[in-house]
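Subject: Handing over a structure, with notes

Dear colleague,

I am passing a structure on to you, and I would be glad if you would look through it with the notes below beside you.

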Amino acid sequence: MNVTFRVFRFSPGVDKEPHFDTYSVPLKESMTVLEGLLYILDNLDPTLSFRFACREGVCGSCAMFINGSYKLACQTQIGELKANKIEVQPLPNFPLVKDLVVDLSAFYEKIEKVLPYLTAKNDVVEKEQLQSPVERKRIDEVIDCILCAACQSACPQGWTGKDFLGPAVLIKSYRFIADSRDRAGDERLKLVSGEDGVWRCHSAFNCVEACPKHINQTAAIGSLKRKAVVRKLLFWKR
Ligand code: SF4
Ligand code: FES
């Protein structure tokens with residue numbers, strides 16, 4: 001039995017306009033969308049471009065728009081889509097590089113802005129800093145983010161405000177603010193409290209729906225908003 005793949009194609013400088021190409025792929029048991037794309041690349045069209053690395057839902061590089069939903073291609077079995085046609089598009093709302101590959105440079109630059117590393121409470125760390133199970137629980141969910149950028153793509157505030165930090169960037173900040181071992185919470189909060197930070201989030205929940213790791217970004221951003229208000233009202237900090 002074969003399954004039809006309808007794949008978005010555009011090669012700048014070669015194609016005049018974006019279009020879809022159709023391929024017939026022999027279906028194997030438990031075959032994933034990524035395996036289908038690899039079959040096309042190896043057997044039908046070596047010019048098709050897409051990203052992947054780990055093939056096990058860890059690196060985040062294979063996030064795509066598959067049959068109208070955000071998904072990791074390596075974690076999506078064709079059978080579970082219950083469709084005889086698989087339509088694959090690049091992540092919407094990012095500049096296109098080629099075919100299914102988008103330019104994530106601006107996304108990574110935003111991540112850099114929020115200091116995505118632990119600033120340890122002890123200046124000289126001679127031994128590991130322990131966390132209690134309760135302290136660890138606070139960051140359990142957000143630490144699972146694999147930076148696939150699906151939520152950044154899905155956020156309507158990002159469609160109109162290109163400087164909005166976006167859900168993945170804000171939860172990266174939250175991940176360290178909520179970490180009991182970090183001492184840069186105040187500086188971090190200041191970085192996300194500006195007009196392109198938490199207040200641009202209108203709780204549309206698109207990010208929550210898009211996330212392949214089932215992270216509730218809206219709840220984490222809500223917590224950041226409350227912390228930002230307390231910081232402003234109680235301490236009169238800018
Ligand atoms: S929060 Fe979820 S959707 Fe957003 S980048 Fe992380 S893993 Fe991807
Ligand atoms: S290839 Fe790494 S998450 Fe899919």
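H6 passes H9 in a left-handed crossing, a term used when the near helix is turned anticlockwise from the far one by less than a right angle, clockwise being right-handed. Please bear in mind that this is a predicted model, in which local features need pLDDT of at least 70 and side-chain atom pairs count only at pLDDT 80 or more, while totals for chains, interfaces and linings use all residues. Residues are numbered from 1 along each chain as its sequence is written, and chains are lettered from A and ligands numbered from 1 in the order in which they are written.

Helix H6 covers residues 167-177 and helix H9 residues 217-235, and the two pack at an angle of about 60 degrees with their axes 9 Å apart (axes are lines fitted to C-alpha atoms, for helices over the stretch in contact, and angles run from 0 to 180 degrees between N-to-C directions). That makes H6 oblique to H9, since angles under 35 degrees count as roughly parallel, over 145 as roughly antiparallel, 65 to 115 as roughly perpendicular and the rest as oblique. On the H6 side Pro167, Leu170, Ile171, Ser173, Tyr174 and Ile177 take part, and they meet Gln217, Ala220, Ile221, Ser223, Leu224 and Lys227 of H9 (contact requires C-beta atoms, placed from the backbone, within 7 Å).

In helix H7 (residues 185-192), Arg188, Leu189 and Val192 are buried, where buried stands for 20 or more other C-beta atoms within 10 Å, exposed for 12 or fewer, and partly exposed for anything in between. Seen down the axis of H7, these buried residues fall within an arc of 100 degrees, so they line one face of the helix, and they pack against H6 and H9.

Terms used
Helix = DSSP H or I, 4+ residues; strand = E, 2+ residues; numbered from the N terminus. Contact = placed C-beta atoms within 7 Å. Arc of directions from axis to C-beta.
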